[in-house]
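Keep the sequence and the model side by side.

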Amino acid sequence: MNDDPDSTGLSMEIAILDSCWHEILPDLPPSDTASDNPADEAGQEIVASDGLIQRAAAAAFADAAPEPLRDNPVELSLVLVDDAHIRVLNNDYRGFDKPTNVLSFAALDDDDALPAGTPVLLGDVILARETILREAADQGKAVTSHVSHLVVHGVLHLLGFDHETDEDAEEMEGREIAILERLKIANPYHNISGGELHSDHETMTGLQ
């Protein structure tokens, strides 16, 4: 484990495809530098300054990235959308015609060779605004804490973690809890009644 995100070669870009995200995350880059038109790829992606979602992504990467990735410059995209946008992706790639909170599109798989120094595209973490707001309200959480959790969750998926079995889920959730604790965010899997909470999330590999 590495507690210092700055010691890794991770860089991040943000694609803001729903300008209402600025109401949730005031530290996002100005909306006039991004496009609300998904077809306008040249205007979507902007190199972001340090902010809440970048800190969460960097913390997850620093904690869980395997050694080969630490020898390479790594790029990660954080994509902020609305429910309508993520519903299309969820239907196209998972067959579920409904919005979800977060999707991960991994650009790497376990068989990819990583020569030292070669730039690596890790993948995309896509967050849906309305679903996240609704879940935070239902679960009695601060929206920013829930966003941070889902970013951590999504990045861990890009790094090969999953929750297909009880054992895998326990390992992944334990890692999330520890990463979020270092970000001073409480255990996200316990609601006010002590019940367990699980995100509706799936990861897709090799779809970039």
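Val102, Ser104 and Ala106 point one way from strand S4, Leu103 and Phe105 the other, and all are buried (under 20% relative accessible area; exposed is over 50%, partly exposed in between, with a 1.4 Å probe and protein chains only). In a regular strand, side chains alternate between the two faces of the sheet. S4 spans residues 102–106; 5 of its 5 residues are buried, so the strand is largely enclosed by the rest of the structure. Strands (E, at least two residues) and helices (H or I, at least four) are DSSP runs numbered from the N terminus.

This is a predicted model: local features need pLDDT of at least 70, side-chain atom pairs count only at pLDDT 80 or more, and totals for chains, interfaces and linings use all residues. Residues are numbered from 1 along each chain as its sequence is written, and side-chain values use heavy atoms, without hydrogens and water.

S4 pairs with S5 in the antiparallel sense over 5 bridges (pairing takes at least two DSSP bridges). Val102 has Leu127 of S5 as its bridge partner.

Leu121 lies in S5, residues 120–128. Leu121 is partly exposed, at 38% relative accessible area. Beyond its neighbours within four places in sequence, Leu121 contacts Glu75, Ala107 and Leu108 (heavy atoms within 4.5 Å). Pro73 is 48 residues from Leu121 in sequence, but 8.7 Å away in space, C-alpha to C-alpha.

Ala59, Ala60, Asp63 and Ala64 of H3 make the contact with Arg175, Ile179 and Arg182 of H8.
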